[in-house]
Amino acid sequence: MASSTTRSSVIIIGAGTSGISAAKVLAENGVEDFIILEATDRIGGRIRKEDFGGISVEAGAGWIAGVGGKESNPVWELATQSNLHTCLSDYSNARFNIYDQSGKIYPSGLAAESYNKAVNSAIQELKNQESKLCGSLTLSEPSVAPKTPIELAIDFILHDFEMAEVEPISTYTDFGEREFLVADKRGYEFLLYKMAQTFLHFASEDKIIDSRLELNKVVKEIKYSGNDVTVRTEDGCNYVADHMILSASIGVLKSDLITFQPPLPKWKTEAIMKCDVIVYTKIFLKFPYKFWPCGPGTEFFLYAHERRGYYTFWQHMENAYPGSNILVVTLTNGESKRVEAQTDDKTLKEAMGALRDMFGPSVPEAEQILVPRWWENRFQRGSYSNYPLLSTRKDFVDIKAPVGPIFFSGEHTNERFNGYVHGAYLAGIDTSNALLEEMRRKKVRNQASSLHLKNYLLQPLLALSEALTSAQRQTLSDISKWEFAQQLFLKGKLAMQEAIK
Ligand SMILES: Cc1cc2nc3c(=O)[nH]c(=O)nc-3n(C[C@H](O)[C@H](O)[C@H](O)COP(=O)(O)OP(=O)(O)OC[C@H]3O[C@@H](n4cnc5c(N)ncnc54)[C@H](O)[C@@H]3O)c2cc1C
């Protein structure tokens, strides 16, 4: 088994959006002596394209969410600079494209009524939680649980899909309400390659050849003290650095993939455990031809079933990739985990059942299926973080606060934009800026303590000065203590280079 030790100033764990943006900021500030350790064989993390059915689909993040508002979304800016091809998504009609199990679309009046009921119930639930938190004794009205298939479908999109949340979301209030689907064969990940090009060496547009990026390095142990951090990978390599940026997902932090020596403090592990993980799965299906309606207002449609979240949310890819004959169905949480645990053939059968309910028995069999498994992936353990409603400021502060030389990054550390690519991107920048500040402070501290040490070393020398003439004593006291100690060192009279440096 290999057992080498590599030393650097900073170790960055993870080459996803936050790891890459963090490295870029370090490089821009003159800290080039870092090493990025990535568990997989690629950069990108939860941004991952797959070749499927003749096009490039996004198995992870697909949308640039939050565009067109008062502030500019930094990821949208990167996409614009890179001429990334995107397609505007209009979800507004989805709530009126709800199919029942016999293939009929619910009347729009009933859909609107169910939608209003669901929104009111969600607002009531929020109020109830608020009063519970404040310890209020006032009995609040209980929220009404959804019961019918249409109510369950609407409840699902309201709570499990970002398109219609009841709480204002910073992404949309700050950056705007529009969402653009990335539809580019270079993939969403192209933005990361573009960023990495500014500080890593490339052999070609997507081939990185820089010894500071080590792929297939699974970090399994982090030992830290006040001064440095040592990392051990599964293949037996050791890495030592003054500082670390840890950008592994919240799911990984909750798992036992990485052990810490000493264990992380209680306030940190409690903050990690409080933050939930959402599993979000986009299943892609390729057909020989299309059998679903196309045209304005049809891109998104819902399937109402008595089981909540059962193949509920559908999208056709004709707007983004005309002629691709691809449908996407999104599952979340329990349904995602259930599907991940079964064979793709079983999933295909279930999805075909839902489609035949909606569009009739003559629907052709899908030729291909893609089921990403974000929950089973031990380098992810879920899709993104989700802070419980009414989380406190302290929860966010604790989750990102450094522990000794370990600085935490990743989308889950971004208070305003957690769960999103721009959240991860901004988190990387914030973490590096905090680390750079700490490096500056450490330098000042080191200088101050070496001054203190030099003074301390000077005392015996000053005692010796008793033997000097008064003129010699005067010269000695005129020299500042710091300069004196340095001069002695330079003349080789004190063999304590480490102490003085
Ligand atoms: C299915 C899905 C759909 C999504 N849709 C959207 C969307 O439409 N729009 C949007 O804005 N966001 C979306 N997101 C969220 C978005 O993808 C993430 O917020 C963002 O990519 C997270 O970046 P990160 O750098 O924080 O983490 P990651 O990208 O997860 O990077 C962390 C890296 O750490 C590595 N790692 C983990 N453990 C170790 C270890 N022990 N040793 C070494 N390396 C390790 C991982 O391999 C990974 O590369 C989606 C996510 C998923 C999964």
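This is a predicted model: local features need pLDDT of at least 70, side-chain atom pairs count only at pLDDT 80 or more; totals for chains, interfaces and linings use all residues.

Visitor: What is the strand order of the open sheet of six strands?

Guide: Helices (H or I, at least four residues) and strands (E, at least two) are DSSP runs, numbered from the N terminus. Two strands pair if DSSP finds at least two bridges between them. The pairing in this sheet is mixed, and the order is β7-β18-β19-β20-β17-β21. Its edge strands, each pairing on one side only, are β7 (98-99) and β21 (368-370).

Visitor: Which residue of β21 stands opposite Phe-284?

Guide: Strands β17 and β21 run antiparallel and are joined by three bridges. Opposite Phe-284 stands Leu-370.

Visitor: Which residue of β19 stands opposite Phe-301, and which residue of β20 stands opposite Phe-313?

Guide: Strand β18 (residues 300-303) is joined to β19 by three bridges, and the two run antiparallel. Four bridges join β19 to β20, again antiparallel. Phe-301 faces Trp-314, while the residue opposite Phe-313 is Thr-330.

Visitor: Which residues of β19 point the other way from Phe-313 and Gln-315?

Guide: In a regular strand the side chains alternate between the two faces of the sheet. Strand β19 spans residues 313-316, and all four named positions are buried (20 or more other C-beta atoms within 10 Å of a residue's own, against 12 or fewer for exposed and partly exposed in between, with C-beta atoms placed from the backbone). Phe-313 and Gln-315 point one way, and the other way point Trp-314 and His-316.

Visitor: Why does Leu-327 count as buried, and with which residues is it in contact?

Guide: Leu-327 lies in strand β20 (residues 326-332). Leu-327 is buried because 22 other C-beta atoms lie within 10 Å. Contact is assigned when two C-beta atoms, placed from the backbone, lie within 7 Å. Leaving aside neighbours within four places in sequence, the contacts of Leu-327 are Leu-285, Trp-292, Trp-314 and His-316.

Visitor: What is the strand order of the open sheet of three strands, and what is its average twist?

Guide: The pairing is antiparallel and the order is β5-β8-β6. The edge strands β5 (63-67) and β6 (86-89) each pair on one side only. Axes are lines fitted to C-alpha atoms, for helices over the stretch in contact, and angles run from 0 to 180 degrees between N-to-C directions. From one strand to the next, the twist averages 30°.

Visitor: Which residue in β8 stands opposite Cys-87?

Guide: Strand β8 (residues 178-182) runs antiparallel to β6, and four bridges join them. The residue opposite Cys-87 is Leu-181.

Visitor: Which residues does the UniProt annotation "binding site" cover, and what does Ala-39 touch?

Guide: According to the unreviewed UniProt entry, the annotation covers Ser-18, Glu-38, Ala-39 and Val-219; positions follow the numbering used here, feature names are shortened, and annotations may be inferred rather than shown by experiment. Ala-39 is found in the loop between β2 (34-37) and β3 (49-52), and counts as buried because it has 23 other C-beta atoms within 10 Å. Not counting residues up to four places away in sequence, Ala-39 touches Lys-217, Val-218 and Phe-379.

Visitor: How many C-beta neighbours does Val-219 have inside 10 Å?

Guide: Val-219 lies in strand β12 (residues 219-224). Beyond residues up to four places away in sequence, Val-219 touches Ile-13, Leu-37, Val-231, Thr-233 and Ile-258. Val-219 counts as buried, and its number of C-beta neighbours inside 10 Å is 24.

Visitor: Which residues come nearest to the ligand?

Guide: A residue is near a molecule or strand if its C-beta atom, placed from the backbone, lies within 6 Å of it. Elements α1 (17-28), β5, β17 (280-286) and α12 (421-464) each supply at least two residues of the shell. Of the 42 residues around the ligand, those that come nearest are Gly-14, Gly-16, Gly-45, Ala-61 and Ala-424.

Visitor: What distance separates the C-alpha atoms of Thr-431 and Ala-22?

Guide: Thr-431 lies in helix α12 and counts as buried, with 28 C-beta neighbours inside 10 Å. Thr-431 and Ala-22 are 409 residues apart along the chain, and their C-alpha atoms are separated by 6.8 Å.

Methods: Residues are numbered from 1 along each chain as its sequence is written.
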